[in-house]
Amino acid sequence: MSAVAAQSGAGTLRAELCTEEREFTALAPAWERLYRRCSAATPFQSHAWLHSWWMSYGTPGRLRLTLVRDNDGELRAAAPLMRTGGLLPRLVPLGGAISDYSDVLLDDDHADSAAATLTQTLWSAARTALIDIREVRPGSAVEQVYAHWPGPRLQTPDSVCLELPASPLNELLTRMPPGRARRVQSKIRKLTELGIEHRFVHPEEVPSTIRTLLDLHRLQWQHRKVTPEHLKPRFHDHLTRSLVPLVRSGDAVVTEFRAGTDVLAVDVTLLARRLAGNYLYGAHPRLREWKADIATMLLHACASRVSQADRQILSLLRGTEPYKFRWRPDTVINQHLLLARRRTAPLLSAVACEAYARARARELVRGRKGAVAVTN
């Protein structure tokens, strides 16, 4: 692990650069403690998720973890990044496209000094590569780095997330017109009539349950457009490897839906201090044949679980699928943060143009989906 010169205002913090996978592995206990001390963190910033992602998707030699420690060696900040090559050299977050939120970790009790030190260290890294952080949820820790940044910077809209209050389903129904709320209540009664019950899976059951989830996911999307990555062995390996510790630590819940002895659906929900997020599910086509409302089934089970904690938000995560709008969710737009120095400012302009084109394409798609949602 190589040291990087950085001074904090109090002179008590130092920064390091981790580029070796074995050192990343050894960081697990310290990373976990920092993760617990960062109130803005989501499971996408946990060591379990990021290290597993690196094992499945990382490229040797490109790991760039920026770590900030105090005099006792305790982690006070961490930026999980990697370097990408090509014509536009960038430092981008670990987690890639399969992570709905990107962020850094800052110890809440040392946030100002840790953010300042982390910013100074990333400023040094930006001499040769643009820092390019997508899918930043409003209120994320990395916004403090953006605020401290002394050079060229740019913030543009990224993906849309839809969010609900973390409330029991009967409270969520009050967001709907009365007629629609009655129809949802009827759909819940239908699930009971069909004998569909749910249970939360124990950590040791996760590997076999994830195999079932992905089998159901493949079957559910048969003959329709599916996210290709969800069908790949590396995604299966990552999901299984990360979810076992996340379920054990209470940062994820895997829910199994059964009718008798048959598993008809499996859902993965990730749990952060402030929010819960529906990440991925798989459902047997038989449920549609039975006219069971899958979205209501999943949300009913999830809302009953998350409303028992102090979480404020039930996120439907990225995507504007029409079925989500029936609940009248709030729209929250992730941000795309770009940080540069004078030397790398031309890269910022190039990536900004790319981001603008991507945003325009999303607006067109969102407009079409919104029109469908209104007509339905």
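Visitor: What is the relative accessible area of Arg328?

Guide: Happy to start there: this is a predicted model, in which local features need pLDDT of at least 70, side-chain atom pairs count only at pLDDT 80 or more, and totals for chains, interfaces and linings use all residues. Residues are numbered from 1 along each chain as its sequence is written, and side-chain values use heavy atoms, with hydrogens and water left out. Arg328 sits in the loop between E13 and strand E14 (330-339); strands (E, at least two residues) and helices (H or I, at least four) are DSSP runs numbered from the N terminus. With buried meaning under 20% relative accessible area, exposed over 50% and partly exposed in between (1.4 Å probe, protein chains only), Arg328 is partly exposed at 46%.

Visitor: What is the phi of Leu317?

Guide: Leu317 belongs to strand E13 (residues 313-318). Leu317 counts as buried because its relative accessible area is 4%. Although Leu317 is a residue other than glycine, its phi is positive, near 55°.

Visitor: Which residues is Leu164 in contact with, leaving aside its neighbours within four places in sequence?

Guide: Leu164 lies in strand E8 (residues 153-165) and is buried, with a relative accessible area of 2%. Contact means heavy atoms within 4.5 Å. With those neighbours set aside, Leu164 is in contact with Leu172, Arg175, Leu299, Gln312, Ile313, Leu314, Trp327, Arg328 and Pro329.

Visitor: How many residues of helix H3 are buried?

Guide: Helix H3 spans residues 47-57. Its buried members include Trp49, Trp53, Trp54 and Tyr57. Helix H3 is largely enclosed by the rest of the structure, because the buried share of its 11 residues is nine.

Visitor: Which residues touch the most other members of the largest nonpolar core?

Guide: A nonpolar core is a set of buried Ala, Val, Leu, Ile, Met, Phe, Trp, Tyr and Cys residues joined through side-chain atoms within 4.5 Å. The largest such core has 76 residues. Those touching the most other members are Phe24, Trp31, Leu65, Leu94, Leu118, Leu243 and Tyr279.

Visitor: How many residues are in the second, separate core?

Guide: Leu162, Leu173, Leu271 and Ala276 are included in that core. The count for this second, separate core is 21 residues.

Visitor: How far is Pro178 from Ala340 in space, C-alpha to C-alpha?

Guide: Pro178 is part of helix H7 (residues 178-193) and counts as exposed, at 57% relative accessibility. In sequence, Pro178 and Ala340 are 162 residues apart. Their C-alpha separation is 51 Å.

Visitor: What radius of gyration does the protein chain have?

Guide: The chain's C-alpha atoms fill a box of roughly 65 × 45 × 35 Å along the principal axes. The radius of gyration is also taken over C-alpha atoms, and the globule rule is 2.2 Å times the number of residues to the power 0.38. For 376 residues a compact globule would come near 21 Å, which agrees with the chain's value of 22 Å.

Visitor: What percentage of the residues in the protein chain is buried?

Guide: The chain's secondary structure comes to 12 helices and 14 strands. Among contacts between residues at least 6 apart in sequence, 74% join residues at least 24 apart. Of the 376 residues in the chain, the buried ones make up 52%.
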